[in-house]
Amino acid sequence: MARTKRSKFLLAGVAIVAAASLVAGCSTSSASSDGASTGEPKTGGTLTYLEHQPHTGLYPPTAGFYPNGGLVNNITDRLVYQNPESLKFEPWIATSWKVNDDATEYTFKLRDGVTFSDGSPLDATVVAKNFDLYGSGDPKRALIVSEAINNYDRSEVVDSSTVKFHFTRPSPGFLQATSTINSGLLSSKTLDRKFEDYGAGNSKDIIGSGPFVITDEKVGTELTLAARKDYDWAPPSAEHQGRAYLDTIKLIVTPEDSVRVGSLVAGQADVVRNVEAQDEKQVEAKGLEVYAPQTKGVNNSLNLRFRHPFLSDLKVRQALVAGTNRQEVVDTIYSPKYPLATSALSKSAEGYKDQSAHLAYDPDKAAQLLDAAGWKAGSDGIREKNGKKLTLVVNEAAPQPRSFEALTLISQQWKKIGVDLKILKADAGTYAEAILDKDQVQVYHSMVGRADPDVIKSQFYSKNRNTLLNFEAKSNSVGDKKLEKLLEGVAGEPDEKKRIANDQAVQDYLAEQSYVIPLFEEPQVYGAANHVKGLGFESVARPSFYGVWLDK
């Protein structure tokens, strides 16, 4: 299906909806991979949903963590709807929008009659307040800037249903940013809260305009969401309008994989997230549904922190790439739902460019490169140089599927070329501190999903996730200024063709410098009972329960 071209001009909402309706399989309901959704939907009932991790907070710019995003996606609306199949932009709370030629001004016309669940109106004033916070942050309240928004300057309330945003430099990704869960619209009172007030234990006080409201919380273990009876502002292209079919959703945190899957198979749960690869066959054998929507962004990868002395030599980084049998990792640890990565970006990401030529498995070449770099095998087989062993540390990435198992296999592969890889398994606090220090973690295991070229900047830019630790706090310096410049070219180029070319230049550079070892294109894998109809997912695989009904 062809990707939409980002419009710079006034887009009439009705026209967009009409165009979308001509594209078979591109409606909101098409995000529901349930082809057996026959019969009349039924209103009512409670859906039991098992999450494998507790959420940590509901401030939208921090909703990238999937348990957070899964909630934000169901309790908030966004200005613009990004169709998860076509990735086209469609009206939602905004009925139309206008972007100037250099993408420094965006004007949105808003839908009338929308309210938050506390009864307050969703008008231009509160939309402006949302984006002033998400675009600028508030350090005094520890509220961060959204990584989805670049070069934000200010808002302008034109009238009660028209809001305009100004940017200091071109911000071509802003339209897509308004569609993400990082831009979930919150009530004015909610926006006045401090960061800790968005955390677990305060979930009932987070007020959005979405189809569900959090009505009960048992911290770390259970949440209840109830449908808003007066909800009537779904994206116009959605087949379903009005209130959600379900009455309530019971979210239960269930960390044990076997318990989650066992509950689904036994009929005690309706939907579960994070069905591990080894459990997929068990679910399918029972005739239940397995959904694996892709996250469409930066692939699950190992990021080599090149400012560490051991990794500053390009030959060493090239050796680690050549010494990693990525296909063996995918074949051994995962399933066909985890395609082998062939670039830093997934194939479904805008601007993807194949980098396979840089990623071939060649252990003999790896050994030659390490020899050339001066690392010689020691008595235990681990290479040494200047009296130091070539020992690296990688973090176990708890949010990513089977991270420990994959890293264990890679450590075995690297040992064959004389590299010692230790895996950091730590509590959340220790982990959070360690990954910010290249002297503790030299190889960072991570990914990030977002259906916009800006995702590559989110992952690697020094002022965003800084995955490579290109910005080093100790020296307050940037190590590779060329990489920074290339990433700024993605986020600040208003011409779409040039922006894509810039995106591909970043992928080329990451591959040429051997900064990243892409492993696989990461899906979010869910299991669902057959009586669950209409299960959908937003553009990077967070669940949407708005169209769900129970056929029982």
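**Questions about a predicted model**

Visitor: Leaving aside neighbours within four places in sequence, which residues is Ser335 in contact with?
Guide: This is a predicted model. Ser335 belongs to the loop between α9 (326–333) and α10 (363–372). Once the neighbours within four places in sequence are set aside, the residues in contact with Ser335 are Ala277, Glu280 and Val330.

Visitor: Does Ser335 count as buried or exposed?
Guide: A residue is buried if its relative accessible area is under 20%. The relative accessibility of Ser335 is 9%, so Ser335 counts as buried.

Visitor: With which side chain does the side chain of Ser335 make a polar contact?
Guide: A polar contact needs a pair of N or O atoms within 3.5 Å. For the side chain of Ser335 there is such a contact at 3.0 Å, and the partner is the side chain of Glu280.

Visitor: Within what arc do the buried residues of α6 fall, seen down the axis?
Guide: In α6 (residues 257–265) the buried residues are Arg260, Val261, Ser263 and Leu264. They line one face of the helix, because seen down the axis they fall within an arc of 155°.

Visitor: Which strands stand at the edges of the open sheet of three strands?
Guide: The order in this sheet is β14-β15-β16, and the pairing is antiparallel. β14 (376–377) and β16 (388–389) each have a single partner strand, so one side of each lacks a neighbour in the sheet. The strands at the edges are therefore β14 and β16.

Visitor: How many residues apart in sequence are the parts that the pair of Tyr49 and Phe545 ties together?
Guide: The rings of Tyr49 and Phe545 form an edge-to-face pair, 5.1 Å centre to centre and with 65° between the planes. Tyr49 lies in strand β1 and Phe545 in the loop between β26 (543–544) and β27 (549–550), so the parts tied together are apart in sequence by 496 residues.

Visitor: Why is the pair of Tyr152 and Phe167 edge-to-face?
Guide: Planes over 60 degrees apart count as edge-to-face. The ring centres of Tyr152 and Phe167 are 5.7 Å apart, and the pair is edge-to-face because the planes stand at 85°.

Visitor: Over which ring does the charged end of Arg542 sit?
Guide: The charged end of Arg542 is 4.3 Å from the centre of the ring it sits over, that of Tyr66.

Terms used:
Residues numbered from 1 in each chain as written. Predicted model: local features only at pLDDT ≥ 70, side-chain atom pairs only at ≥ 80, totals over all residues. Heavy atoms only, no water. Helix = DSSP H or I, 4+ residues; strand = E, 2+ residues; numbered from the N terminus. Buried < 20%, exposed > 50% of the residue type's maximum accessible area, 1.4 Å probe, protein only. Polar contact = N/O pair within 3.5 Å; in protein donor to acceptor, adjacent residues only side chain to side chain. Contact = heavy atoms within 4.5 Å. Arc of directions from axis to C-beta. Pairing = 2+ DSSP bridges. Phe/Tyr/Trp six-rings, centres within 6.5 Å; stacked < 30°, edge-to-face > 60°. Lys NZ or Arg CZ within 6 Å of the ring centre and 35° of its normal.
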